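Here's a quick walk through a two-chain model. Have a look at the sequence and structure first, then read on.

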Amino acid sequence: MNSVHASLKSEITSDVDWRKIRADFPILELTIDGKPLAYLDNAASSQMPQLVIDRLVRYQTKQHANINRAVHYLSEVATQEYHDARCKLQQFINAREDREVIFTSGTTDSINLVMQGYGRKFIQENDEIILTTLEHHSNIVPWQMLANEKGAKIRVVPINDKGELDVDEYERLFNEHTKFVSLIHVSNALGTINPIKRMIDFAHRYEVPVLIDGAQAAPHIPIDVQALNCDFYAFSAHKLYGPTGVGILYGKAALLESMQPYKGGGDMIASVTFEETIYNTIPHKFEAGTPPIAAAIGFGAAIDYLTAIGIENIAAYESTLLDYATGCLAQIPGVKIIGTAKEKTAVISFTIDGIHPHDIGTILNQDGIAVRTGHHCAQPVMQRFNVPATSRASFAFYNNKAEVDALIAGIKTVQKVFL
Amino acid sequence: MHTNSLYQEVILDHNRKPRNYGKLDQANHHAVGHNPLCGDRLDITLQLENEQICDIAFQGESCAICKASASMMTTAVKGKSRSDAEILIHEFRELATGKLDTGHPNHLGRLTVFSGIRDLPTRVKCAILPWHTLYAALNSISSTSTEANNDSSQAMSSHSAG
């Protein structure tokens, strides 16, 4: 955690009853083969509090219709609720205007929207796009597709042995060909928090726009897009205690207005004839077709829930869990933590000598422990550390020390099986 | 799901001390198998004379289930005819995907130790990858994948996790 969170840690967490908060999540009461579930795969997808589940039920039972169309009662209610959800997201990231928040199907869709809408319009042959070694495949592949199409080049910021970006090298990559930077805020594979403010400011010296992939950051770090001054910011609801199938793209209004739409269809137009279509204003220009209305409203409810607890409180509590788990894991012989950045969210990637992550995951599952095993859609990170895969425990604010203890006991069982 | 019944001593032993591990210099059939979901990779070389598998070897990076399956597979098919090996490939796939009729006699012998894998859909591919790769080698397909959309992957398709 960064220094702000650390200083808040002691006084803030004492005000929150984390045991009571855990009870908000019905799925956590499950047992797996008689063992209590320890859900430590939150970086892949988080669980949903009852309040969000109830909100989805209320929408489907009392408020559902298509939006922006009919004049009847339900359509007006649904349109208003959908708009309110957008405003909640706007406030959550402190965007200047609600029209700067576009609902997408998730982070991947948001990145593709920028690649298609900005990249295909403005990136030319021999232009350079800067990415980092820490990127998730979803922030690599779209840019490769664009580079292949345009004859542009991808430049990659390296990382050190702790999994931290080499920011000096990042700054050296800039030249007159640099036209775009797309950068992960928090590494999904390692938990590294990148110094994005410094990196955004530097890119702006070259008048280069910056997209931040915030999928792993938004659930754990307060986001202020105006203070960051990023040009685009993307994240998903399902990693933020909301439903799958929805996310947002924040973009500065002037940039969004300059971009071409990515998908054509209903809702994104002002008028259509067979000769010409005039596009709707933002954000509608980028929301073709019926959007995931229920999921967006659920997303809004999740934002309300998180805001009530306070992202700062969440960050501080998760940081105590990270410290505890890191300390416990470091004491087990044969266990190696991959990614030891100074600034980290509560994600621990690890390997166990001589044991493949898939075998680790299967045996941990026997004890009710859910971890992710594999390359985490970040193969360049795996290659950098010369491992085919890792096991990853990623924590949320509903996790507790007892679950860390269960993980540690599970790892000892794994080692015993393979002794 | 009974993990203990999967990680039995015979599987752990083949993982620890894989048989026929390496690469044949004199191979006339060769294939590489990939499981793109986990990054596992398996290399199979074999010597086929008069439709008989005279020698076979494997190497690669993989989990214990995949490595033990490959090791036991090589011991099972070495010296067998192509057609006998293909019967085993078929039966092993049926076993791993839970489709094998255990009421009928089969040729799997000790390979039935992998029967527990049918309860772990995410791990079925780990066990099948070596057999999939053997099929490719016998049929001169140089590279294959558990996600491949060819005939040899039919047994996987029902368990495709994307």
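Which residues of chain A does UniProt list for "domain: Aminotransferase class V"? The unreviewed entry gives residues 39-407 of chain A; UniProt positions follow the numbering used here, feature names are shortened, and annotations may be inferred rather than shown by experiment. The end C-alpha atoms of that span lie 10 Å apart, and the span is 40% helix and 17% strand.

## Ground rules

This is a predicted model: local features need pLDDT of at least 70 and side-chain atom pairs count only at pLDDT 80 or more, while totals for chains, interfaces and linings use all residues. Residues are numbered from 1 along each chain as its sequence is written, and chains are lettered from A and ligands numbered from 1 in the order in which they are written.

## Chain A overall

Chain A has 15 helices and 17 strands; helices (H or I, at least four residues) and strands (E, at least two) are DSSP runs, numbered from the N terminus. Its radius of gyration is 22 Å, close to the 22 Å from the globule rule for 419 residues, so chain A is as compact as a globular protein of that length. That radius is taken over C-alpha atoms, and the rule is 2.2 Å times the number of residues to the power 0.38. The C-alpha trace of chain A spans about 70 × 55 × 40 Å along its principal axes.

Of the 419 residues of chain A, 50% count as buried. Buried means 20 or more other C-beta atoms within 10 Å of a residue's own, exposed means 12 or fewer, and partly exposed is in between, with C-beta atoms placed from the backbone. Take the contacts in chain A between residues at least 6 apart in sequence: 72% join residues at least 24 apart. A contact here is two C-beta atoms, placed from the backbone, within 7 Å.

## Two domains, and what lies between them

Chain A is divided into domain 1 (3-32 + 311-417) and domain 2 (53-308), with bounds from an automatic or database domain assignment. Their C-alpha centres lie 27 Å apart. The contact takes 22 residues from domain 1 of chain A and 21 residues from domain 2 of chain A. On the domain 1 side, α12(A) gives the largest share, five residues. By class, that side has eleven nonpolar, five polar and six charged residues; Ala, Val, Leu, Ile, Met, Phe, Trp, Tyr, Cys and Pro count as nonpolar, Asp, Glu, Lys and Arg as charged, and the others, Gly among them, as polar.

The largest nonpolar core has 120 residues, and F232(A), Y233(A), I248(A), Y250(A), A296(A) and A302(A) touch the most other members. Such a core is a set of buried Ala, Val, Leu, Ile, Met, Phe, Trp, Tyr and Cys residues joined through C-beta atoms within 7 Å. Helix α11 (residues 293-309) of chain A supplies the largest share, eleven residues. Both domains of chain A give residues to this core, so it lies between them. Not counting residues up to four places away in sequence, F232(A) touches V114(A), L211(A), I212(A), L249(A), Y250(A) and G251(A).

Chain B comes to six helices and four strands, running α-α-β-β-β-α-α-α-β-α from the N terminus on. Of its 162 residues, 44% count as buried.

Where the chains meet, the contact takes 13 residues from chain A and 14 residues from chain B. Helix α13 (residues 357-366) of chain A gives the largest share of the chain A side, five residues.
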